[in-house]
Amino acid sequence: MSATSPHAATQPLTMSGAEVVLRALKDQGVEVIFGYPGGAVLPIYDAIFQQNAIRHILVRHEQAAVHAAEGYARSTGKVGCVLVTSGPGATNAVTGLLDALMDSIPLVCLTGQVPTHLIGNDAFQEADTTGITRPATKHNYLVKRSEDVARVVHEAFHVARSGRPGPVVIDLPKDILINKAPYVEAPPATQPHRSYRPVTAPDMAQVRKAVALMKQAERPVIYAGGGVINSGPEASRLLGEFARLTGFPVTNTLMGLGAFPSQDPQFLGMLGMHGTYEANLVMHGCDVMLNMGARFDDRVTGKLSHFAPTAKKIHADIDPSSINKNVKVEVPIVGDAGQILAAMIQVWKEDSQPPKREALAAWWRQIDTWRGKNCLQYVQQGKIIKPQHAVKRLYEITRESGRDTFITTEVGQHQMWAAQYFGFEKPNRWMTSGGLGTMGYGLPAAMGVQIAHPDALVIDIAGEASILMNIQEMATLAQYRLPVKVFILNNEYMGMVRQWQELLHGGRYSESYSAALPDFVKLAESFHGVGLRATEESQLDDVIREMLATDRPVIADIAVAKDENCFPMIPSGAAHNEMILGPGQEGGVAGVTDEGKVLV
Amino acid sequence: MADDSGNFRSATIAVLVENEAGVLARVIGLFSGRGYNIESLTVAPVDEDRRLSRITIVTSGTEMVIEQIKAQLDRLVPVHKVSDLTLAGPHLVRELALIKVVGSGEHRVEALRLADAFRARVVDATTESFVFEMTGNAEKVDAFCALMRPIGLAEVSRTGAVAIVRGSSALSV
Ligand SMILES: Cc1cc2nc3c(=O)[nH]c(=O)nc-3n(C[C@H](O)[C@H](O)[C@H](O)COP(=O)(O)OP(=O)(O)OC[C@H]3O[C@@H](n4cnc5c(N)ncnc54)[C@H](O)[C@@H]3O)c2cc1C
Ligand SMILES: Cc1ncc(C[n+]2csc(CCOP(=O)(O)OP(=O)(O)O)c2C)c(N)n1
Ligand SMILES: [Mg+2]
């Protein structure tokens, strides 16, 4: 759309482009913007200075601004907003943008740009931001005309939040920010975009086909993913309702944790590479699979040719490109997870065909024997703290506290232990970098969550290597008095790397030792926070309790067993029924093939 | 990619897009980023007020890959319509080529004779060269170039394929 609103031309122009940007943000419901200033965006900073509607949070690195906005967005369901300068500001943001793209997180990122007449001249701090971010965003814009500013901002929010959510960049040349520009209101929600029209309402014929298949199921499973969270809390409620109605077992992906209550007896835990024994065997043995808002990621499917070999598959997803991308399915349903679940519930109730209750009961008996394996058990004995135990105690003590708790993570073994041992009863409480696996995500994400939920308990479960990737954000926590807790499972290794080296590279631990670590207690103190440490099991609970009781930023450095590996594990290139279980447990039939070795 | 062995096919895909900066880069970036083939790609505005462009892409892959390509194209924000002409039914495919042949004596006579047989027109001539213009499908242009090679083929410029479905049905937004 290039047309200017008819009124705009006749009104005298009183606002600068920067003021128009802020007005449009405000009209889009933005309350907080995470950013870092620089020459190209000074006009926006000037406009920010002169208003009160939008709060600016000054981060210490642009990557952190994007992760903070991701945490804000994932924990609220709103669009996160970022502001960075041209050149290095924009390039520093790229990792965060791609992270948000991979995990379907709605963001709008404003980037400064050199003035239009200098674009292409290798001007100071010029970068081809739309070129660089094209494959890292859902969409991006370079605004070259003042009359487009307001329209583009409104459109960017619409694109970011609708359909499959994702990050959108708006590149704003400095002259466009300084020159006067007309303000135009957002188009009414009823007015469709010229070319972008995501489908949200499912085709009922497909829903009926799916229900008919599920009524015939003898060994069903519901595999629910991040799309249920994206759809909003109502979708999680409907997932619960549908599960109760059908009696089907439910497993969640890493991105879907919280979409189904962890305490529910129908919950099998997470599936996939580090999923539970029962979830993966249910996936392997099922005859009907309902994929609700998940994308058949390679961490979930394992070896594709051996994935759920006997299953008829239903895939409900808002993005047609997710369907038949990795796994061919019998019944595709394009639409919003919430709407699809509502339709399935209705059709299930209307349909007179009874489900196969006896077969289902036998399936549950089978599942119970798999559960009996107790695949997440570990032995905590002696002084050395098992990392699993540290997470389990953190979970139990926070649950006792009764506080609304939000967990973010970095990337590595600690992330998987967090996923396995921390239970979530509600959506939007779990923030992790799943698709890109970005070390350094957790601390800034926690910052964004705490901004959105000032009274909640926000904990970053971290590894000692990952935390150093955005440690500078401790200063942001101090400045805004954000009582985020950093709970480091300190194994003095890039544990996940070490685990793969043990498994695949003959135990040659090349460059995976965390040497020359800082003293995290002093580090916390020097950033105006509180540092705590536990080196023995007997100290663990006290440290956790003290951490929770401290109304300031805390780093709790938990010295954990250095050689612990994360199990169960489906090695790359193996099938679901070839899981490796922990020491002392059977299973572990799969060696790693050469074919598997090339996979990540 | 799941087991989708065999069934490799070629597809001619028409895409109606907003005629805006960067749209071609999005389409090409999609193909290079995801490792899809581009055998040819053409683009030009096609409506009165030049707001819409039509991109014609000839690509190939397994059925699953071609379905992915279409879904990936369709989810680009400035894309209006994606049509797989190979599935849509009988369709016309044409490209335009300008072909320069340099030579003298018998070769010139032979070049003109072949051009006549292929319905290629002479659009430029000097005492030692011709430029021929021809339209046709890719195979016809390939064949013509192959025949001209021993005679003195010097330079070829081709548009790549444009295509349209036969009959009264029309692709519009
Ligand atoms: C070290 C490491 C280990 C990992 N191990 C595992 C593991 O063991 N198990 C595991 O599950 N993951 C694991 N992951 C994460 C994995 O890489 C993927 O990120 C994750 O599996 C994807 O989750 P998802 O399928 O739910 O999809 P998401 O990435 O959340 O995608 C959501 C899907 O839902 C669709 N969608 C979006 N909105 C809607 C809507 N409103 N309605 C319907 N559909 C919608 C989207 O189009 C998309 O297809 C690991 C990651 C790391 C870093
Ligand atoms: C930015 C980035 N670089 C590299 C990696 C590869 N990587 C994955 S896990 C990991 C080690 C993480 O170590 P730590 O934070 O200590 O966690 P642990 O596995 O020990 O729990 C590395 C290097 C990554 N995911 N992200
Ligand atoms: Mg570590």
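In the predicted model, 16 residues of domain 2 of chain A are in contact (heavy atoms within 4.5 Å) with 19 residues of domain 3 of chain A. The bounds are 204-371 for domain 2 and 387-559 for domain 3, as given by an automatic or database domain assignment. Taken over C-alpha atoms, the centres of these two domains are 31 Å apart.

Residues are numbered from 1 along each chain as its sequence is written, with chains lettered from A and ligands numbered from 1 in the order in which they are written. Local features need pLDDT of at least 70, side-chain atom pairs count only at pLDDT 80 or more, totals for chains, interfaces and linings use all residues, and side-chain values use heavy atoms, with hydrogens and water left out.

Domain 2 and domain 3 of chain A bury about 1400 Å² between them, 62% of it on carbon and sulfur atoms; buried area is the accessible area (1.4 Å probe) that two parts lose on being put together, summed over both. L254(A), L257(A) and H274(A) supply 40% of the area that domain 2 buries against domain 3, more than any other three residues. Zero salt bridges are found across this interface, a salt bridge being a side-chain nitrogen of Lys or Arg within 4 Å of a carboxyl oxygen of Asp or Glu.
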